[in-house]
Amino acid sequence: MKLTSEMFQIIILLLLSIYNSNGDTVRNTDISKQFGSSIRPCHVRIQHVDVDTHSDVVIDTYKPHFSWQLTDEYDNEGHLIKGIQQIGYHILVHSITTGQLMWDSGYVQSSLSTHIHYAGSLFTSDTRYSLTMRYFTVGHESQWYTARFRTALFSFNDWKGQWIGNNDINMNQLRTVIKRQSSSMIRSATAYISGIGYYQLYIEGQLIDPSRRLDVGWTTYQQRTLYVSYDLTSVLNNLDMQLFGIGIMLGQGWYNRQQWAIGLGPRIELAKEYGPPRALLQLNILYEDNTNQSIVTDSSWLGREGEHRFDSVYMGTTMDLRAVRLCWSCANFTDPYPTWFNASVLTSPVNFTAGGQFSLQIMDPIRIGPNALHIATSGNRGLPAGVNGASLTDGGVLKPISQDAINGQVFDLGQNIAGWCKVSSLSAAKSTIIQLRYAELRYSRGENNIDFRGIYYENLQSIAVMDTVILNGTGNETFEPLFTYHGFRYVLVNGYDNVNKDDIECYLAHSETRLIGNFTSSNVVLNQIQHNILWSQLSNSMSLPTDCPQRNERRGWLGDAALSIDEVLYNFDYVNFYLNFLTMIADNQSPDGAVSDTVPFAVGTSPADPNWGTAYATITWYLYEHTGDVTILEKYYLGIQAWIDCLTNKYKQTGLAHMFYNYGDWAAFQQPQNASLVSSYAYLHDVYTFINISQILNHTDNVQKYTQFYQQLSEEFHRVFYNTTIDAYSDGSQTANTLALSLPNVVPVTLRDIVLKSLIDEILRTGYFTGGIVSVAAVYPLLSKEGHHDLALQLALSTSCPSYGYMFRNSIQNATTTWEQWNLLPDQAGSSLNHHMFNSIGAWFYRYLAGIHLNALKTIDIHPRMSYSIDLLDHIEAEVVTIKGIVRVEWKRLAVESLTLSVTIPNNLDAIISFDPLIKNGRCLELICNSEILSIRQQADEHFILLRTMKGIISLMENSVTGTVSLHVMSGTYTFQTYWQ
Ligand SMILES: *[C@@H]1O[C@H](CO)[C@@H](O)[C@H](O)[C@H]1NC(C)=O
Ligand SMILES: *[C@@H]1O[C@H](CO)[C@@H](O)[C@H](O)[C@H]1NC(C)=O
Ligand SMILES: *[C@@H]1O[C@H](CO)[C@@H](O)[C@H](O)[C@H]1NC(C)=O
C-alpha cells in the first residue's frame with residue numbers, strides 16, 4: 001500500500017511536468033478574501049480529545065499536541081472552494097491560573113494542522129491553561145480560537161490523602177463534611193479521585209456526572225490504577241454553603257476476587273492480592289482571596305454498608321431499599337441508626353516497588369444515555385430499511401417492544417445490548433423481593449422441537465445473572481442496578497407480575513465515544529452486518545475491549561482486539577480507549593518481551609498465541625494509520641520489537657514448522673490441520689508491520705535487519721508449508737491458502753495463480769468460507785485485491801451456514817449483534833451472541849466497498865472495488881469523520897458499464913481516486929467530473945489523458961495493465977461518471 005502511493009507520487013510529479021496542470025485554478029484568492037474573516041479553526045483537539053465534545057480537557061503530559069480542521073470556504077455562487085490548504089499557523093498557550101504566557105509559537109509557515117507539539121515552558125500540576133490559535137491559508141487568516149485544558153497531578157507526591165475503606169464490613173458509602181475556609185467565591189475547585197473497583201462521587205446528595213458509570217476503568221491495579229478529575233468550581237459555587245458534604249459510593253468491580261475466581265482457568269493468585277473496595281480523593285479549592293484548601297480522604301471519614309448489599313460485575317446486585325438514607329452525603333445528615341464507623345486506612349492498590357503507577361485515565365469513561373455516544377456523522381441516522389434491532393442514534397435508552405408472561409414477566413428489547421434495566425412504579429409490601437434476570441435468547445431445546453418460550457441461560461456458563469431489589473414498601477419505588485452490567489436482549493421480572501412495559505427502561509453502557517463512520521449499502525444483508533458490528537463493538541467497549549458482555553468472561557482478549565481494531569477506528573473515535581489498552585499491554589510485558597493473551601492477564605498464556613500477541617503491533621499500526629500520530633509509533637516501538645524478538649526466541653527452538661500456538665484459526669467452521677501455519681502467519685505479519693513502522697521512524701538499521709529476516713522467514717514459510725502433492729499450502733484448507741496468499745512475498749510469483757485457484761475452487765466446491773476469526777479477516781481483502789471481488793461479495797451476502805448473514809437469517813434468532821461462532825450447535829450451547837472478533841469484515845466494507853484508505857491522513861486513497869455483476873450491489877454511501885474532516889464516498893451503478901461516484905475530501909488533504917474497470921478486462925471510455933468531460937477515448941489504443949484543467953484536479957493516469965484510472969485531486973466535492981467497455 002505504501003509502495004503504491006509512493007509510486008503514484010512519482011508518476012504524478014512526472015505527469016505534472018508533462019501536462020503542466022495549472023495549480024492556480026484551484027484557488028481564487030479574490031473571492032476567498034471576502035470570506036476570510038469568517039473562517040476559524042474547528043474540531044480542535046488537545047491530544048486526541050475533541051474540545052467540541054469535551055468541555056473539560058485534562059492532560060497528563062508535559063508535551064501535548066494540538067490538531068484542528070480548516071473551515072470550508074465558499075465562492076460567490078455558494079460553491080465549496082476546492083483545494084483549501086493551510087500555509088501557516090500561530091499558537092499561544094497561557095496559564096489561566098497565573099496569566100503567564102507559556103508558549104508563543106510565532107507565525108509558523110507550515111501545512112501541518114495535526115499533532116503540533118507544544119514547545120513552551122514546563123507545565124505544573126493542577127493548573128488551568130488556555131490554547132489560542134489561528135491558521136492561515138493563501139490570502140487570509142482565520143479568526144483566533146480559544147480552548148481550555150488543565151493538567152492533572154503529575155507526581156504521586158502531589159497526593160496528600162490516604163486510601164480508605166474497611167476490611168471488616170462491606171463499607172461502600174463514605175462521607176465527610178467540609179467547612180469552607182473562606183467566604184469568598186471559589187476560583188477553582190478540582191477533585192482528583194480513584195475508587196476501585198468502581199466509585200461514584202456525591203456532593204450534598206447530588207451525584208456528580210450522573211451518566212458516568214463503572215468508573216474507573218479496569219486495569220491490572222498493582223501495575224496501574226487510574227484516577228479521574230472533576231472540575232467542581234461551579235458545583236461548589238452554586239451550593240453557596242459554609243458546610244457541605246461529600247460522599248463516595250464504592251463497588252466491587254474487578255477488584256473483587258469473585259470476578260477472577262469465576263473466570264475460565266482462574267489465576268487465583270492474582271485475586272488474592274486484592275481486597276475490599278477503596279477510595280482516594282483530593283479536592284483542591286482555590287478561593288478568589290487566594291486561600292487554598294485541600295480536602296483528602298483519611299480515617300476521619302465515616303462509612304457504612306449502604307443499601308447496596310451485594311454487587312458483582314458478573315452476578316448482578318442486591319439492593320435493599322429499606323436501607324436507603326436520603327441525602328446521606330449532605331452536611332446536615334443524621335442517621336437514626338448508628339451504622340456509621342470511621343473508615344480504615346487501606347494500602348494502595350499500586351505496587352510502586354514493582355514500578356506500578358497511579359495515572360490519569362485519559363480515555364473517556366463508561367457512560368449511559370445520550371452522553372455516551374456523540375454522533376459526528378452527517379449521513380444516515382436511524383435504521384436502514386429492513387434492518388432488525390434498535391437504532392444507535394436514538395440516545396442509548398431502550399424500551400421493551402413486547403411483553404409476555406412465563407414464570408414471570410418477560411420483556412424483549414428487540415436488540416441485544418450490554419447494560420441493565422431500570423424498573424419503576426414498583427408498589428408492593430415492605431420486604432417484597434423482586435428479581436431481574438437477563439438473557440440473550442429465548443430458546444429451549446426440546447426433543448426434536450424448539451420451544452421458543454424459554455429463557456436461555458446456558459450461555460451464561462458458570463454465573464447466575466440477577467439483580468435483586470428488596471422494597472421498602474413506600475409505594476412507587478424505583479430500582480436501578482449499580483456497579484454491574486449484563487449482556488442481554490430479554491429481561492425477566494420475577495416476583496412482581498404487576499409490571500408493565502412502560503415501567504422498564506434499559507440503558508446501553510459503553511465507553512464514551514463519537515460515531516464517526518457511516519456505511520450504508522443497497523443490500524440489506526450488508527446493512528444488517530454493519531448494524532450488528534456497531535452494536536457488538538459498543539457492547540464490548542467497557543474501558544477495554546472485552547470479548548463478550550454476558551457470561552463469566554468479559555476479558556481483554558488481545559486477539560479479538562487485534563482483529564476488530566481497523567473496523568473500530570472507521571466507526572468510532574476510540575483512539576484514547578485503545579491507547580489505554582496498549583498501555584496495559586505494555587505494563588504486562590515481561591522482561592523477555594512476552595505479552596499475554598489477555599490484559600489484565602486473567603486467562604490464557606504468556607507469551608500469547610502469536611495471533612493474540614499481534615495486538616501490540618497491529619493496534620499501534622492502525623492507530624497511526626487512522627490518525628497520523630507518529631508519537632504512538634514511537635511510544636510502543638521498543639515494546640513491539642521486544643515482543644517480536646521474544647517470538648524469534650521461541651521460533652529458534654522450533655522453526656516455523658512447529659511454531660507454538662494456543663488457538664489456531666479460532667472458531668473456524670473447519671479447523672486447518674496445521675495450526676503452526678496460523679501462528680507463523682501472525683509472526684510474519686508482525687515482522688512486516690515492524691519494518692513499516694521502522695521505515696516511518698527512520699530506523700534504517702532495523703529496516704535492513706528485519707527486511708532480511710522477513711525474507712528468510714517468507715522463504716521458510718513457503719518451504720515448510722507448501723504441499724507439492726496438492727499444489728496448495730498445508731492441507732489445502734481455505735485457511736492455509738488464504739493466510740499464505742495474504743502475506744507479502746511468501747507465495748512465489750510463479751505459484752500465485754495456482755494457489756489462488758486452489759483457494760477459489762475450494763470456496764466454490766464447499767459454497768462457503770470454512771475459516772475462523774484469523775483467516776476470515778484476511779480472505780475478504782485478498783479476494784477483492786486479486787480480481788475475485790464478485791466472489792468476496794457473494795460470500796459477504798450469503799445467509800446460509802456458515803456466513804455472517806446466517807447469524808440473522810436462521811431458525812433460532814435474527815441476531816442484532818455479531819455471534820461468537822458461525823453456528824449455535826448444541827456443542828456450542830455456551831457460546832456468546834455478542835462478540836466482536838468476527839467484526840473484521842467491517843474494515844473491508846470501508847476499505848474495499850467504499851474504498852476509503854486513510855494512509856495516516858497523508859494523501860488518502862479512494863478506491864472502491866466494483867463487482868462485474870451489479871445484481872450483487874449497486875449503491876454504497878459511506879462517510880468517515882477523520883481528524884482533518886469528513887471523507888465521504890457515494891457510488892451508484894445504474895448500468896453494468898457505468899458508475900456515478902461522489903467523493904468529498906476534507907480541506908488540507910488530497911487524494912488519489914481510482915476507478916476499476918466495471919467490465920472484465922475493460923477500458924474506460926469516458927470520465928466526467930461535475931458534468932464536464934475530463935477524458936474520453938474514441939479508439940481502443942488511444943491514451944486516456946486529461947482533456948481540460950479543472951479546479952482541484954491535479955492529474956490523471958491509467959494503469960495500462962489493469963485498466964484502472966486514477967485521479968489526483970485536492971480537497972473538495974466531486975461527482976464523477978465513468979463509462980466502460
Ligand atoms: C439538608 O440539606 C439539603 C441540601 O443540601 C436540603 O435539601 C435538606 O432540606 C436539608 N435537610 C434539613 C433537614 O435541613
Ligand atoms: C422506608 O420506609 C420507612 C417506613 O417504613 C420510612 O420511614 C422511610 O423514610 C422509607 N425510606 C425511604 C428512603 O423512603
Ligand atoms: C510489590 O512488588 C515487589 C517486587 O516485585 C514484591 O516483592 C512485593 O511483594 C510486592 N508487594 C505487594 C504488596 O504485593
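These questions and answers concern a sheet and some aromatic contacts in a predicted model.

Colleague: Which strands stand at the edges of the open sheet of seven strands?

Modeller: The strand order is S40-S45-S46-S47-S53-S49-S50, with antiparallel pairing. A strand with a single partner has one side left without a neighbour in the sheet, so the edge strands are S40 (517–521) and S50 (932–936).

Colleague: In S50, what is the bridge partner of Glu926?

Modeller: Strand S49 (residues 924–929) runs antiparallel to S50, and four bridges join them. Glu926 is bridged to a residue of S50, namely Ile936.

Colleague: What angle does the direction of helix H18 make with that of S40?

Modeller: Helix H18 (residues 841–849) packs on the sheet and touches S40, S45 and S46. Its direction and that of S40 make an angle of about 75°.

Colleague: Is Trp328 buried or exposed?

Modeller: Trp328 forms a stacked aromatic pair with Trp340, 6.3 Å centre to centre and with 25° between the planes. Buried means under 20% relative accessible area. Trp328 has 7%, so it is buried.

Colleague: Which helices hold Tyr651 and Phe709?

Modeller: Tyr651 and Phe709 form an edge-to-face pair, with 6.2 Å between centres and 70° between the planes. Tyr651 is buried at 8% relative accessible area, and Phe709 is buried at 14%. The two residues are 58 residues apart, in H11 (residues 630–654) and H13 (residues 700–721) respectively.

Colleague: Over which ring does the charged end of Lys650 sit?

Modeller: The charged end of Lys650 is 4.7 Å from the centre of a ring. That ring belongs to Phe660.

Methods
Residues numbered from 1 in each chain as written. Chains lettered and ligands numbered in written order. Predicted model: local features only at pLDDT ≥ 70, side-chain atom pairs only at ≥ 80, totals over all residues. Heavy atoms only, no water. Pairing = 2+ DSSP bridges. Contact = heavy atoms within 4.5 Å. Axes fitted to C-alpha atoms, helices over the stretch in contact; angles between N-to-C directions. Phe/Tyr/Trp six-rings, centres within 6.5 Å; stacked < 30°, edge-to-face > 60°. Buried < 20%, exposed > 50% of the residue type's maximum accessible area, 1.4 Å probe, protein only. Lys NZ or Arg CZ within 6 Å of the ring centre and 35° of its normal.
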